[in-house]
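Visitor: Please take a close look at the aromatic rings of this structure and at what surrounds them.

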Amino acid sequence: MSEIQNIQWFPGHMTRTRRQIEKSLKQVDIVAEILDARVPLSSRNPVLKSIINNKPKVVLLNKCDLADAAQTAKWVNYYKENKITAIPIDAKSGKGLNQLMPACKEVLSEQIAAWNRKGMVGRPIRIMIVGIPNVGKSSLINRMCKGGKNGKAEVQDRPGVTRQNRWFTIGKGFELLDTPGVLWPKFDDKLVGEKLAFTGAVRDEVVDIEALASRLLEEVTKLYPNAVNDRFQTGLENITEMEGYDILCAIGKKRGMLISGGEINTERAAYTVLDEFRAAKLGRITLDQI
Ligand code: G4P
């Protein structure tokens, strides 16, 4: 899995990204950090805290339709204990998104009271989405903007806002910056890199697909001992002690994935395992457990 560790962002790119986000941050009141509910730790960018400084934040645990509901509830609680509001959402269907605006209001209650005292009653709350690639930022923005008039996003141009940045009115008194902050993922830990690759945050073309699927099978079996057998009906009795590659071969054999000479087509089996995991066909699985 060394390939994953070798995918590093160039320092120059990181600096540019950071500056762009810092510039956009000046225009917003609150940041919505979007994480993948299946890997809430691994999908975090460790330097976000220093980028957003003291800007208020809410956390969105996206793709909760694919994650283990009990684990998601534990993560929400973990954030609550750390005085951060976390909301499980499914940006694809829109589930949970109605909680975003009330949560922002709650987090900004002191700021809103201060605006009111200064006569700025009804000043809109401006929100910006940040997150690593593939976590669901565009899906979320598209979903939120469907609330606009005639099912379309209401766009406003405002002086002083860079030309590419536009504001969507997403509800009474709320505006969303159209461009999300794209954060770089953390690859310096092997397992974090692997988990990002399992969930599709790293393009499959840049990894060894069979090694990746084998590692996924090991990790899933460790946390959910019955999930693989239930899905693939391999009948393996000692699956929790097996090497991932051997489980992969058993799956290929069971599914009749053979190449000439009767050899198992492990590449096809690997794509099947990854596709079915990502579609939650092995069940709703959380790989960062709490
Ligand atoms: P990004 O802007 O952060 O890079 O992510 P984007 O919205 O493009 O979403 C990446 C993929 O994740 C998309 O799938 C999208 O449909 C899917 N996705 C986003 N939010 C959710 C969610 O809450 N639940 C589920 N199940 N999927 C979600 P894709 O395969 O790239 O495209 P498509 O399936 O939409 O065609």
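Guide: A residue is called buried under 20% relative accessible area, exposed over 50% and partly exposed in between, with a 1.4 Å probe and protein chains only. This is a predicted model, in which local features need pLDDT of at least 70 and side-chain atom pairs count only at pLDDT 80 or more, while totals for chains, interfaces and linings use all residues. Residues are numbered from 1 along each chain as its sequence is written, and side-chain values use heavy atoms, leaving out hydrogens and water.

By these limits Trp75 is buried, at a relative accessible area of 3%. Rings of Phe, Tyr and Trp (its six-membered ring) pair if their centres lie within 6.5 Å; planes under 30 degrees apart count as stacked, over 60 as edge-to-face and the rest as tilted. The structure holds 2 aromatic pairs. About one helical turn separates Trp75 from Tyr78, because they are 3 residues apart in helix α4 (residues 69-81); helices are DSSP runs (H or I, at least four residues), numbered from the N terminus.

Tyr78 is partly exposed, at 31% relative accessibility. Tyr78 also pairs with Tyr79: the ring centres are 5.2 Å apart and the planes stand at 80 degrees, so this pair is edge-to-face. Tyr79 is buried, at 4% relative accessibility. Through these ring pairs, Trp75, Tyr78 and Tyr79 are linked into a cluster.

Technical notes
Helix = DSSP H or I, 4+ residues; strand = E, 2+ residues; numbered from the N terminus.
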